[in-house]
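Hi,

Here is the structure I promised to pass on.

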Amino acid sequence: MSENVVLIRYGELYLKGKNKDYFENMLKDNIRAKLSDISCKLYFGRGRYVVKEYAMCDENAVIDRLKHVFGVHSVSVARRCGYDFNEIVELALSVMPDKGTFRVSAHRSYKKYPLDSLQINMQLGEKILQAKPQLTVDLHAPDYVLHVDVRENGDVYLYRDAIRCAGGMPYGTGGRGLLLLSGGIDSPVAGYMLAKRGMSLTALHFHSYPYTSQAAKEKAVDLARILGEFCPHIKLKCVSLTEIQQTIHKQCKPNYMITLVRRFMMRIAQRVAAENGCGCIINGESLGQVASQTLESITVTNAVVDLPVFRPLIGMDKDEIIEIAEKIGTFKKSIEPYEDCCTVFLPDFPLIKPTIEKVEEQESHIENYNALIDAAIENIETVEI
């Protein structure tokens, strides 16, 4: 008696040695949580996880959910049967087309099975050819590959295709980071890339209401929700920069506006990170993309924090970033035409090569510098995602 199942494969966890159990247990928990509202059963075997006993109408939903679980390398819709070779043949004939080219690719984890992998390939292939004479064998570039996976628990799985998933490391195994989430294209991609390495995210969004609209803030909320498909329990905190920007505009030279604002943002971020158990700050900067992302500007903004600042996009060009944004579903939301806080009081000629000495001299003109930071943090809004 055969049934449809979904096979789950993981990738890098094979390399974890004595720490493997920790990563596997986290991955299992994440899979359970992702499928918690779908009626199904999960089997966690050695090297293979299986979703079984689900309604056929839920199969696409199961696959889509698993695509969003970091640590899952690929999935396949498979048919399951027992060790009886006649049953395997019958099942193979039901899943193979009537014409074209094919090959059989067997993997025998259960070494006591009477046929080895090569024998399964040859004997099963022969049976298929006898029953479907319009099929021919092509070992190098076949139209179809029939995979036969003989497992230790008495099950044999037959499938044709593998669907690539998110890959990476299980979410939650890499510590927690604070993502500076703007409304643009880059920062959601930066968050995705660190989450793919196992890092849990708390997001911090800066706004300048009423200079920026409520819709601009809602766009950041929507982006956090899209990231939430990959990042369970992501938190979003929103902080107003309005008073800070007004003060800089009144008391400092215009071309220092962006640099000074970003140093405020980093100081606020460091305090928020400490309050939320975050061990790093993450942003979407790409070297040279805009004035605030030159080597000199990055050096000046980094100087005000002790935490490591991760910039996963630093060596990427815009086309590469957009490609990932489209893949993860944030691009269309990111290009909605709502201005972010960085456009407020934007100078005609922002500095591209600031020095710490000159920036600190400008900061010395700002009255109640620390009080501005305290006020911004005291009025942070936490948004439910």
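The largest nonpolar core has 34 residues, and Ile248 and Ile268 are the ones with the most contacts inside it. Bear in mind throughout that this is a predicted model. Strands E10 and E11 each supply at least two residues of that core, and so do helices H7 (242–251), H8 and H13 (369–378). H8 gives the largest share, with ten residues.

What does Ile268 touch, once its neighbours within four places in sequence are left aside? Phe206, Leu241 and Ile244 are on the list, together with Ile373, Ala376 and Ile377. Apart from this core there is another one, of 33 residues, and Phe230, Cys231, Cys280 and Ala325 are among its members.

Next, the sheet around there. Six strands form an open sheet with mixed pairing, in the order E14-E13-E10-E11-E12-E15. Its edges are E14 (309–310) and E15 (381–383), each of which pairs on one side only. Within the sheet, E10 (residues 176–180) and E11 (residues 200–207) run parallel and are joined by five bridges. If you want a spot to start from, Arg176 stands opposite Ser200 in E11. H8 (residues 257–275) packs on this sheet, where it touches E10, E11, E12 (235–240), E13 (281–282) and E14. The direction of H8 makes about 150 degrees with that of E10.

Now for the helix pairs. H8 and H13 pack with their axes 10 Å apart, at an angle of about 50 degrees. That angle makes H8 oblique to H13. The crossing of H8 past H13 is right-handed. On the H8 side the meeting residues are Arg263, Phe264, Arg267, Ile268, Arg271 and Glu275, while H13 brings Tyr369, Leu372, Ile373, Asp374, Ala376 and Ile377.

How are H5 (residues 186–196) and H10 (residues 318–328) arranged? Their axes are 9 Å apart and the packing angle is about 70 degrees, and the two helices are therefore roughly perpendicular to each other. H5 makes the contact through Asp186, Pro188, Val189, Tyr192 and Met193. From H10, the residues involved are Lys318, Ile321, Ile324, Ala325, Lys327 and Ile328. Ala325 is also one of the residues in the 33-residue core.

Over to the start of the chain. Is strand E1 (residues 3–10) largely enclosed or largely open? Seven of its eight residues are buried, so the rest of the structure largely encloses E1. E1 pairs with E4 (residues 72–81) in the antiparallel sense, over eight bridges, and Tyr10 has Val72 as its bridge partner in E4. E1 also pairs in the antiparallel sense with E3 (residues 49–52), over three bridges. There, the bridge partner of Leu7 is Val50.

Ala141 and Arg103 are 38 residues apart in sequence, and their C-alpha atoms are 8.9 Å apart in space.

Cheers

How values were computed:
Residues numbered from 1 in each chain as written. Predicted model: local features only at pLDDT ≥ 70, side-chain atom pairs only at ≥ 80, totals over all residues. Heavy atoms only, no water. Buried < 20%, exposed > 50% of the residue type's maximum accessible area, 1.4 Å probe, protein only. Helix = DSSP H or I, 4+ residues; strand = E, 2+ residues; numbered from the N terminus. Pairing = 2+ DSSP bridges. Contact = heavy atoms within 4.5 Å. Axes fitted to C-alpha atoms, helices over the stretch in contact; angles between N-to-C directions. Core = buried A, V, L, I, M, F, W, Y, C linked by side-chain atoms within 4.5 Å. Parallel < 35°, antiparallel > 145°, perpendicular 65-115°, else oblique. Left-handed = near helix turned anticlockwise from the far one by under 90°.
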